[in-house]
Amino acid sequence: MDIPGSTLTESSKQLNVSEFYRDAVVLVTGGTGFLGKVLVEKLLRSMAVKKVVLLVREKRGTSVPERLRQLISDPIFDKIRESEVHPSKVFAKLEAVETDFTTEEFVKEPYKTDLLNETQIVFNVMATVRFDMSFQTVLDTNVTSAERLYTFLRQARHLKAIVHVSTFYSNCDRAHIEECVYDDIRYGGWDHIRRILQPLTEAEKAKLMPSIIAPLPNNYTFSKKCAEVMIQKRFSDLPIGIFRPPIVTPAYREPAPGWVDSLQSVTALCIPILKQRLLWYYGDPSACPALAPVDYCIAGLITAACDVSHRQEEKRVLESFDRQGAEPPVYNFYFDKQLISWQQFIGLVGASLPTHSGRLFRNVRMRVTRCRILSLITFWWMYLQAYIGDLFLTILKKPKCNVRMATGLKMVADASEHFRCLTWTARNDNVKRMRHLLSRADEAVLEFDVDRIDLVEYYKHYTAGLFDLLKRKELQRIQKKKLEC
């Protein structure tokens with residue numbers, strides 16, 4: 001609604017995203033992960049930002065400057081190296097600041113003052129999605145660290161927008177998900193749960209976890225829900241929005257068709273398809289997962305920051321008329337015009353296998369089945385093959401790996417079982433609104449309408465991208481072995 005006498009006309013509501021980022025200082029957490037890398041690459045290549053600051057921790061003895069050098073040398077930035085006359089000038093915009101979110105003062109001086117004086121746009125992509133982490137570790141990373149970051153940002157002088165990356169499945173106990181925060185955490189809410197957990201040992205926390213997180217399926221989705229409620233209760237005065245991506249899949253177009261750099265979630269589950277192995281997952285073959293290519297997610301994420309800033313301006317105008325401003329906007333990055341079932345997904349991924357027999361039998365070797373015993377039989381068969389394979393490796397005095405890989409795949413299959421059994425629906429009005437308000441100049445640069453994707457073309461790139469990733473991982477393994485020798 002337009003306020004009489006205000007400047008909020010239809011033309012002023014248009015999202016001029018490129019102009020919003022011009023000469024901006026952008027702060028990114030989780031910039032070395034799958035989503036974060038694509039975000040950083042897109043900001044550097046397509047947005048005329050002044051600087052991109054990454055909050056990075058030392059990891060496994062690798063210093064922050066070294067991690068930044070490793071990031072810049074990553075193949076994801078090849079497009080910048082090939083297209084720019086002076087790529088070094090582009091990479092000079094990238095800065096890494098050592099961070100330790102396990103402490104209240106997670107950034108030291110002089111970086112702290114610099115960040116508070118310069119930061120304008122913030123993307124909190126940081127999260128742990130590992131299912132073998134302790135309950136407390138997941139809560140600390142996904143909730144407490146976000147709380148510390150937003151408390152810190154209260155002091156930022158030129159803050160325009162914060163986008164908190166959550167997940168579409170943060171409320172997967174519901175069949176239909178609205179673009180709102182659901183404050184229905186059990187045991188009196190997040191603050192009370194934190195007090196309950198504080199004096200407990202890790203073993204006691206693990207024992208109590210199923211009761212606390214119910215009816216959500218795992219500690220990851222629960223932690224994301226807690227973070228959303230925390231934002232709404234404590235930080236709704238900030239220019240902040242909550243972005244909920246679905247299951248993120250390899251790129252459709254950028255930085256290259258099929259690009260992916262990690263095996264997790266559905267990409268890990270696809271490995272038996274590529275290897276042409278017999279494996280049936282338990283679930284509902286007709287259930288439809290919510291999927292979106294990583295580059296489309298990032299385009300939506302970048303646009304959301306601009307939209308958050310516009311909404312904050314509208315909120316200030318409303319408050320100047322003594323009217324209540326809206327809660328932090330929620331963006332369900334969900335599209336339903338081209339939903340495919342799990343079995344159709346398997347067929348599309350397998351359709352681009354290099355051999356005729358692989359393509360012909362793709363829906364026989366790999367299935368989603370409602371019969372749990374059939375699924376278990378195929379997993380037992382996989383483990384039998386893995387043990388035999390490791391036995392031969394032991395005889396040849398080579399490192400064993402087959403059982404470890406089989407166990408990892410079983411862990412991913414178990415963790416994702418809940419999402420193979422159900423189909424969700426959702427409102428996505430805020431996402432559709434962003435797409436409608438994009439300026440014409442930005443439409444070509446920031447395409448994120450998943451409903452417009454050519455699925456046949458996309459899954460050809462998807463399969464090729466996974467094959468490329470497996471080749472890169474094998475090359476890295478060989479190079480690492482040479483260095484050890």
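Start by selecting W342, Q343, F345, I346, G347, V349 and G350, which are the buried residues of helix α15. The model on screen is a predicted one. Now show the whole of α15, residues 342-350: seven of its nine residues are buried, so the helix is largely enclosed by the rest of the structure.

The largest nonpolar core has 148 residues, and Y21, F123 and F345 are the ones with the most contacts inside it. Which helix gives the most to this core? Select residues 294-320, helix α14, which contributes eleven residues. In soluble globular proteins, nonpolar side chains tend to be buried together.

Next, turn to charged side chains. Side chains of opposite charge can pair when their charged atoms come close. The count of salt bridges in this model is 34, and the next stops show some of them.

Select R234 and E147. Their side chains meet in a salt bridge, with 1.9 Å from N to O. This pair links distant parts of the chain, as R234 is in helix α11 (residues 219-234) and E147 is in helix α8 (residues 135-153), 87 residues apart. Is E147 buried or exposed? E147 is buried because its relative accessible area is 12%, under the 20% cut-off. R234, at 30%, is partly exposed.

Move on to D237 and R154, whose side chains form a salt bridge at 2.6 Å, N to O. Here the partners sit in loops: D237 between α11 and β7 (240-244), R154 between α8 and β5 (161-165). The two residues are 83 apart, and the pair again links distant parts of the chain. D237 is partly exposed, with a relative accessible area of 45%, and R154 is partly exposed as well, at 37%.

Now select E417 and R372, which meet in a salt bridge at 3.0 Å, N to O. E417 lies in helix α20 (residues 417-421) and R372 in helix α18 (residues 372-395), so the pair ties together parts 45 residues apart in sequence. R372 is partly exposed, with a relative accessible area of 39%.

For the last stop, select R435, E443, E447, D449 and R452. Salt bridges that share partners join these residues into one network.

How values were computed:
Residues are numbered from 1 along each chain as its sequence is written. This is a predicted model: local features need pLDDT of at least 70, side-chain atom pairs count only at pLDDT 80 or more; totals for chains, interfaces and linings use all residues. Side-chain values use heavy atoms; hydrogens and water are left out. Buried means under 20% relative accessible area, exposed over 50%, partly exposed in between (1.4 Å probe, protein chains only). Helices (H or I, at least four residues) and strands (E, at least two) are DSSP runs, numbered from the N terminus. A salt bridge is a side-chain nitrogen of Lys or Arg within 4 Å of a carboxyl oxygen of Asp or Glu. A nonpolar core is a set of buried Ala, Val, Leu, Ile, Met, Phe, Trp, Tyr and Cys residues joined through side-chain atoms within 4.5 Å.
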